[in-house]
Amino acid sequence: MKKKSIFLVFGIVLLVFPHILLGLVQTKLLFMINLVLIYSILTISMNFLLAYTGQLSLGHGAFMAVGAYSSTIFTQTLGLPLPFSIILAGMVTGLAGYLIGLPALRLKGHYLAIMTLCFGIIIPEAIPLWKSVTGGFIGLESPKFHYFDFIFSYRSESTIPDGSAYYVCLIVLAAVCFFTSNLINSRTGRAFSALTGNESAAKSLGINVVRYKLLAFFYCAFFAGIAGALYAHLIGYIEPDQFNFWMSVFPLLMMFMGGVGSNAGCIIGAFVIMLLPDLVTTFVAIPNMPYILLSLSLILVLVFLPNGIVSSRPVVFISLALPENRRSE
Amino acid sequence: MSELLDIENLSLSFGGLAALQDFSMSIREKTIHALIGPNGAGKSTLFNCISCLVCPDRGKIHFKGMDLLRVPPYDIIKHGISRTYQNIVMFPGLTVEQNLMIGLHHSMKSGSLRGGLRTKFARREEKMVKEKAGAIAKDLGIAEYRYRPAVELPIGIQRLVELGRSLLASPRLLLLDEPASGLNTKEKIALAECLIKYKQKYELTLLLIEHDIDFVMGLAQEITVLNFGMKIAEGTPDQIQNNKKVVEAYLGDDDV
Amino acid sequence: MEDLIQTLVIGITMGGVYALTAIGIVLLYKCSGIVNFAHGSISMMSPYIAITMLTGTFSLLTDDLVTKQVMPYWLAIVGGLAFVIVIGLMVERLVVRPILNRSHLHAVLACLGVLMFLEYTVGWIWTDDDRTFPPVFNEYSFFEIKGVFISYNNMAILAIVITSIICLQLFLTRTKFGLAMRCTAEDMDAAQMMGINYKKVLAVSWAFASALGGLAAVLLAPQLLLYPSFMMGVLIKGFVATIIGGFGSIYGAILGGVVLGVLESLLSVYVSTQFKSIFAFSLVILILSINPTGLIPERKFSREV
């Protein structure tokens, strides 16, 4: 019973949170919180891939881009309703992930990382080339969320979209967490654990390793695409420059900062990486200092807290596959 | 009793090394058949061929009359062949119970969607599989370790978990790769009794690779001896014991 | 025809510089086992330090380069390289080595952290603005052979690249320590059992890699303009080169670098400059899809389950 009441309190806090925030602090913070929620989803998707297949993706920015552009095109150009186009954008990105997974299957460790890195660079560069559809380098405008506007109608005009977006992102994040944590203790989750443990034994137990790995790529890309779509509708416009290398690196940093292997870790990592720089800037006016401190703290965390800040659940560390002569067995 | 597994002229080379040379063997249903031979004789390779993890250069394998080499490795278990491994495979990050439950993976129907959404169907199936895993854990005497991470347990227990996992798959043919290795005498006796019990109970056919000759002699009804990828002898335990070629293979040639 | 040769020469030269970066990457990979994403940022510091030493100031205004020169050009370059070697050694000792034992994934992440740290720190100290960097020779002096125009600068770069590669090769093959490094690269554990001081090898390999990277940065800075992330693109091209040539060998890195440089050059002249990076990376994806180990295969022994 105690657990349920904690959940209830936590839930209420989450629901009331934006109102408190808007009342006390400057409005930009709510926008940042929304970004935290979206990056949490992105990080969870990356974590999904890493934990379930041992593969590291360095090109998540590309998935974000595909999701963002797809959803924007579906709503703006094709006039589809928002929730429908977000899910459809997720499916499109999932398909992209599946396609990337096909050649990636035969790659191990660092090769895969580099291949995803290449995709991460190519796709944002290739998107503006299709000017008629994607608006070239100028980008596209994207409709914002308005579902929960009525709740915020007592506030000023400019804050309302952020408030609406908050509830939407919160719901999606909750759904993603629900889905992924259920998966762990299911038949699929066990199959993933098996194939990361010993592929041959997994095959002999009836697990179609290829199918499962591609499935992991699909889901990872699906969630990342949804995150991208949410991002587009939060900000209101998208351009290729936004989906650069750093967008691929952020989820990585967040995952390791917060703790690989747990959703909570991803969320905490997102919080820290997104909000810490701003926190620092309010105290120290030196340019670049927030990022200097951020990178320094990342290094310190990696050296001294290998399990990330969360350090709670026992985490299975999957090291990049190394050439045979590197293994100590 | 009919032929369950029929291996014909199997040959396989890794680079310049011939792991199996023109190997043929038949296993009758509901028998305990052992495969022995010095290290590197090709025994594990043979298992890998049967599991379709490795493709032989030449030869055929028929199981219940069906051409096994056409079957993808992940479907082998569906046809009724289950196996254990020389270096036990306990999946890290999973408890004993979860390791056991994987044994039923192929017969479950919940996919990722049902699992992720935790539908009624998925929950019911999970419960059923959990119960079955619990039942066999109890039967094997390892129920107290159910919730422990499998990799942390002593080898004797891990072997039982692996056995339980392969039995849960309801196989017709069970391949055991050095099941007694790492066990002390008491554990070996218990294992032998266990194997005989399950063979009776589930009407299994067992094919095992073993180095412990005493263990094999007491357990097996038919023995095949391998050396350098070739069959050098086959017969009942008595016949093998008195076979000169077998003795030579194990102890080496007297005249150098 | 002359155009083609000119394009090829430029391609080979650029390829040579990519090769320097790629060699650094491969060297580190073979000795430490990790892919060092901070390689570009460490290298990037060398021209910054060189200019600071050259002009004696941190402001780095273009005029200063001409008016204020407190020391000879080559000395400043050497200073820059020395500094970068020290930075590389520090990164290896303080960041990489403690993490290496845990998981290589962490080490890679740590390198990304170092990348961020260095880029933003440099941006803080020297500001993010683009700077000019003086080339070895005045860019506009050419010489001509049968209608082919080649700049002195180009030749100088080619000469420097070839000399460094030859020096490295001589070191690795003719000296005792070079042999130790090659052994460690093959099999770390066996090398240690042979009495090779693994820590020294690691340190020296990082020093070499940083030096090569710093040299590449100094050679490229005049062309690419100096700003904190200018070596990022080069680093990634270095990865591409190592993959084309096969991640396992230094020869592969050289081959990959030259191939990449030539292909890029041909593409930008005869097709368009817009597709340069897309082409390079599509090539990588293609190669990885077909043969993960690139053009020169890593020796592998087939093992059973």
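Apart from its neighbours within four places in sequence, B:Ile81 is in contact with B:Ile50, B:Phe63, B:Ile76, B:Pro171, B:Leu173 and B:Leu175, where contact requires C-beta atoms, placed from the backbone, to lie within 7 Å. The model is predicted, so local features need pLDDT of at least 70 and side-chain atom pairs count only at pLDDT 80 or more, while totals for chains, interfaces and linings use all residues. Residues are numbered from 1 along each chain as its sequence is written, and chains are lettered from A in the order in which they are written.

B:Ile81 belongs to strand β6 (residues 81–83) of chain B; strands are DSSP runs of E with at least two residues, helices are runs of H or I with at least four, and both are numbered from the N terminus. B:Ile81 counts as buried because 27 C-beta neighbours lie inside 10 Å, the cut-off being 20 or more other C-beta atoms within 10 Å. Between B:Ile81 and B:Phe63 there are 9.1 Å from C-alpha to C-alpha, and the two are 18 residues apart in sequence.

In chain A, helix α3 (residues 60–77) packs against helix α4 (residues 82–104) at an angle of about 140°, with axes 8 Å apart; axes are lines fitted to C-alpha atoms over the stretch in contact, and angles run from 0 to 180 degrees between N-to-C directions.

Finally, 38 residues of chain A are in contact with 39 residues of chain C. On the chain A side, α5 (109–126), α11 (245–258) and α13 (289–304) each supply at least two residues.

Key. Contact = placed C-beta atoms within 7 Å. Buried ≥ 20, exposed ≤ 12 C-beta atoms within 10 Å, placed from the backbone.
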